[in-house]
Amino acid sequence: MSDKIPVSVLVVTKNEEANLPRCLSALERFEEIIVVDSLSTDTTADIARSFGVTVMPFVWNGAYPKKRQWCLDNLRLKHDRVFFVDADEELTPRLCDEIAALDWACAGYFVRGVYVVGGRPLRFGLTNNKLCLFDRRKIMFPVVDDLDIPGMGEIEGHYQPVLKPGTTGKIGSLRCGVLHHALEDPSRHEARHKNYAIWERGMRARDAYPQEPTLPRKWLKVAFGGLPLRPFLAFLHSYIIKLGIFDGVNGFFLAKCRYLYYKHYT
């Protein structure tokens, strides 16, 4: 009997040669790992093959489904329980242990992303929560009216997957987080988030966001989206309310990134 974790891990990539080795090294306990690559022009695909994982090419046709839902619809996976991991994320042994022991009483689980700055995980400040570990028989990425909105392109935007119509189930959260190395390359982070913000501005203008999978997240989005002085409030939320001040310079850097995102782009 295999001692591997019976979950299919999907890593969606495009030109991720700098991040992918660290990401894949932390996934060795999972039974299936598939890198879905958007025709990278660097060595991303070669790196993935060197780890012995499956590499699937992806070319977006400009319509729905976008990349993540395309994976769920078209890949022949060993398991219906899937885990979407970004190339700039790194699983910890404690997180792997928690997933291995999971009873799967819920249809899906939020996983908290802990930012890493200067090689050190931040203890406080903002984290990003994603519903990225779920049963694909119960969860799907919704179709939204964004095909003519610039910014995101082939990948689903900054919204969460939802329960499939007619499906019931609870949404849970894991205790352990994944290390998120997005801030280790500030110029790339800024370029990506400029695109995200352009997309977000267009989505808000046409009220195209889908429903959140949990009521607290829905209420929070509605409340924060309508507040004045959002850049300043985003800074205070990360640096003061979430205690980012105790991470010193790195905590201030994270809070400043949130301030600049809302000040310049939304």
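In this predicted model, Phe84, Phe134 and Phe141 are joined into a cluster by ring pairs. The structure holds 13 aromatic pairs, and one of these is formed by tyrosine 261 and tyrosine 262, whose rings stand edge-to-face with 5.0 Å from centre to centre and 90 degrees between the planes. Tyrosine 261 has a relative accessible area of 5% and is therefore classed as buried, the cut-off being under 20%. Tyrosine 262 is likewise buried, with a relative accessible area of 11%.

Among charged side chains, the count comes to 19 salt bridges. One of them brings together the side chains of glutamate 154 and lysine 67, with a distance of 3.6 Å from N to O. This pair links distant parts of the chain, as glutamate 154 belongs to the loop between β9 (139–140) and β10 (162–163), whereas lysine 67 belongs to helix α3 (residues 67–74), 87 residues apart. Both glutamate 154 and lysine 67 are buried.

A further salt bridge is found between the side chains of arginine 192 and aspartate 88, at 4.0 Å from N to O. Here too distant parts of the chain are linked, with arginine 192 in helix α5 (residues 186–205) and aspartate 88 in the loop between β4 (81–84) and β5 (89–90), 104 residues apart. Arginine 192 counts as partly exposed because its relative accessibility is 27%, which falls between the limits of 20% and 50%. Aspartate 88, at 7% relative accessibility, counts as buried. Both residues take part in a network of salt bridges that links Glu16, Asp88, Arg188 and Arg192.

The side chains of arginine 123 and aspartate 247 also meet in a salt bridge, with 3.6 Å from N to O. The two residues are 124 residues apart and again link distant parts of the chain: arginine 123 is located in the loop between β7 (120–121) and β8 (128–135), and aspartate 247 in the loop between α7 (230–241) and α8 (248–265). With a relative accessibility of 60%, arginine 123 counts as exposed, because this value is over 50%. Aspartate 247, by contrast, counts as buried at 15% relative accessibility.

Note on methods
Residues numbered from 1 in each chain as written. Predicted model: local features only at pLDDT ≥ 70, side-chain atom pairs only at ≥ 80, totals over all residues. Heavy atoms only, no water. Helix = DSSP H or I, 4+ residues; strand = E, 2+ residues; numbered from the N terminus. Buried < 20%, exposed > 50% of the residue type's maximum accessible area, 1.4 Å probe, protein only. Phe/Tyr/Trp six-rings, centres within 6.5 Å; stacked < 30°, edge-to-face > 60°.
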